[in-house]
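Biologist: I would like to go through this model with you. Please put it up, and I will ask as we go.

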Amino acid sequence: MAFRPFQAWLEARLPRGSEMTLGHRTVYILPTRHGLMFGVMLAVMWVGSINYSLSLGFAFTFLLGSLAIVSIFHTYRNLVGLTLRPGKVEPVFSGQMAVFHICLHSREGASRPALVLQWEGRPPVAVDLPPAGECLALPLPAPQRGLLRPGRLHLFTQFPLGLFRAWAWAAPDMACLVYPQPAGEGAPPPPFGGETDAGGRPDGAGRDDFSGLRGYRPGDSPRHVAWKAVARDDTLLIKEFSGERGGVAWLEWTQLAPFDTETRLSCLARWVIDAERAGGDYGLRLPGQEIAPASGERHRERCLAALALFGERAQ
Amino acid sequence: MSGASPLTPSSRTTGWLLAALAVAVLPHASHLPLWATGLTMALFAWRAIALRRPLPLPRKWLLPALVIVSAVGVLASYGTLFGRDAGVALLTLMLGLKLMEMRGYRDRFILILLGYFLIITHFLYSQRLWMGAYLFTAALLMTAALIGVNHPLPSRRFSQNLRLAGTLLAQAIPLMLVLFILFPRISGPLWRVPTDAGSGVSGLSDTMSPGSISQLSLSNAVAFRVKFDGKPPPAKQLYWRGPVLWYTNGRSWRVGYPPPARPVRYQGFGKAVKYQVILEPDGRKWLFALDLPASVPTNAMLRPDYLLMRAAPVERRLRYVMTSYLHYRTEGATPAELHRALQLPPAANPRTRRLAAAWRAEAPDNAVLVAQALAYYRRHHFVYTLSPPALPGPNPVDRFLFNSRRGFCEHFAASFVTLMRAAGIPARVVTGYQGGEYNPLGHYWVVRQSDAHAWAEVWLKGRGWVREDPTAMVSPDRVESGIQSALPAAAALPGGFGEGGAWLRDLRYGWDFINGGWNLWVLGYSQQRQLQLLARLGLSGWAEMALALFAGGGGLLLLTAAFLLRGRRWRRADPVTAAYRRFCIRLARAAVVRGPSEGPLDFARRAARRLPAAASEIHRISALYTMLRYGRTRPLAQVAELRRRARRFSAPSA
């Protein structure tokens, strides 16, 4: 059979799971490069002790050798029995970092110093796991819209002596929803007249009615940043404007006819954000999918999710 | 939430690393040249200050230059870059220079390796018990520093590292003992040991001048230890014979040309004393034995002046079994030997010669003359003292006998032999040790350098060589109960506990007992002793030894592993999940792999389509799994059924 048996074996051995405990079959251990250097040093010490007939030299060499061997158990024990549970994952816009939270704890309530976690090919993150466990944020770039599934998670430790490295692989069953990147300047204006201060909005609301400040949310336009407040407090605040609520804006796929799919999605994402900020009800029409007009944070997320997963199997 | 780039040590651990390295380097300061100690200290200080404030570290090009300067300095100080002393100096300097280049993990790790290596080099100089304890502490600190280097987060306290290092070392010790005892020993040296390897030990030499033995008496170092078979002889008979000095220039005495070898005979009386001696290495060829030795250890011979000589110097602690006769009559001195025993420089010490000539004229025979000379010391109130006045000028014996009259054993022995030779009686100086200290804990005697002694032997017709000890005339205590009691309290020897009371003495006995055991069992554990020990355990041959090593070591490792992993009882996988996983693995072998987010029932439908032959079984197992995994109850019968079916399941090839 021309199937890749190793791949299948690995897949089966490493099932994507909601929670997994690193058992003795999944933790591997080998000497590090520095551990090999240590071994060479021991060999030199041993030969020197023979040559000079140093009884204490032998004793010291054997002590260090035994120390290295004992450290194998300590390093192994630092990893084995560790339980991983996927934590929360917030949706992000494409081009941002998706942050996956992995919650670690050990059932025995042991603390585990100097654990290192990394997504394959990403910079590692170290943690001193307290007895109560801890959730760790592991960022991963989200280059394109859709569902981002992290690859394999590499866990390792060389604590306490750095002579041996114990490692394990995990494939936590997690996914991050990646919205299309909202179109920036130069995007086609929204059907309700754009986010400019010029009038002509279908709902007739003025944009001058400043109603207050709120915290920055991903996707907010830099034009609404309250720069004076930023200079004062060092936190990003967004000016909110209130307008009279009234008509309904339809954000439609067909309105962006000349563009390709991704550009359309990107523009629609910008429109959704702006429409939500404007405060009126808005609906979204995509080929084969329609979201009835509404407003609010949940509606906004629903619309963005529809854009993110456009063309993929509906969730 | 915490996170940091791993394996970049925090700066806090650097201070402790420096401290550990300093502790490892420190004892070398006693024998490194001053400039090397100074440079190393400066480098340490520089690095320590650079921890606190931004002090510039040397530029890249400067370090190789400093390395070359250090190497040239070592070459200038020692004349070589190799060998023990030069090698240690070079290693220490390289460690100091490496401190300047301590950036990442790797640099620190190499520093720690250098530190461990420096620790072991101390054993080239001293393997004393306290040194072992000091270096164990250094190793503890070094290990704690290594843990710190391997702990990338700054939150950890050094005391935690220290405790963990202690735990690791404590767990390593049993395995170390097994290796120490059972790991096959190979007898060195593998290559030529440089001549500087022997430590600078002091002991009796083959010359004697006024002040040389009293100088030696200041040392509390052990010369040798003795264990008697049976009852030990009284202290005043413990004359440990060493080099016999024949030749004098009027001031100092030396062995001169040793008398030509010949068969040595004497008559021994009474019961022979049997004992064994453990001699500390002194770099000399002679062996000490009670007057007169009756047996000859292997690799040794008995010279005509009853001195045991080895072919090679004693460079390691040496144990030999001896028999001696305390009462004897020697015979068969050759005329040449007797002639040598009358040698005196022609001009020196005229007053002594005149006194001897006066006695000669009166005395009826030699024995009377000898008694007269001994009485002279008692009558004229000679004083036995550790700090005799200097005897300048060409006639030191005259000055001693007629002016100062204060002296140590070498003064008495030398002047007595001079008197005898001037009177025409063959005589010679014998050096060695007298007495010793009984250790009631170990039932052995310790003879120290402070027991060094010199006495005389005169040749009397019909009796042969007769020992005469003029020191005993002046200070009988010296011979009967040792040097501590013979000297006034003010002159008590350093390290001596003469005034200290009983508990202090007991402490000293205990300490020496421990040291004796240390020397015998730890330092003296050689290939030979290893084979002896294993033979006693019934293990002969390398194969059995290797077996014992692997069995012992392996057993210990299992115990350690069980102890360490006892808390980490990873729960067995949930039986339902485990059974289903097994089912999935079997399907995967038949090229039906469950997708990452494929539900069990979806998967079952797909698998059943691919493997129609096993469809019913696939559905049954999947239904059981779904029910047990997601259902509210979990009937044991169904769990058993699932496990059974999963175990029996085999996917037919598609």
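Biologist: In chain A, what share of the contacts with a separation of 6 or more comes from residues 24 or more positions apart?
Modeller: This is a predicted model, where local features need pLDDT of at least 70, side-chain atom pairs count only at pLDDT 80 or more, and totals for chains, interfaces and linings use all residues. Residues are numbered from 1 along each chain as its sequence is written, with chains lettered from A and ligands numbered from 1 in the order written. A contact means two C-beta atoms, placed from the backbone, within 7 Å. For chain A the share is 68%.

Biologist: How do β16(A) and β17(A) pair, and which residue is the bridge partner of A:Leu286?
Modeller: Strands are DSSP runs of E, at least two residues, numbered from the N terminus. Two of them pair if DSSP finds at least two bridges. Strands β16 (281-286) and β17 (289-294) of chain A have 4 bridges, and the sense is antiparallel. Within β17(A), A:Leu286 is bridged to A:Gln289.

Biologist: Which residue in the turn of that hairpin has a positive phi?
Modeller: The hairpin of β16(A) and β17(A) leaves 2 residues between the strands. A phi of about 80 degrees belongs to A:Gly288.

Biologist: Which helix of chain B gives the most to the side that touches chain A?
Modeller: Here 64 residues of chain B contact 62 of chain A. Helices are DSSP runs of H or I, at least four residues. Several supply at least two residues each, including α5 (105-121) and α17 (502-523) of chain B. The most, 9 residues, come from α7(B).
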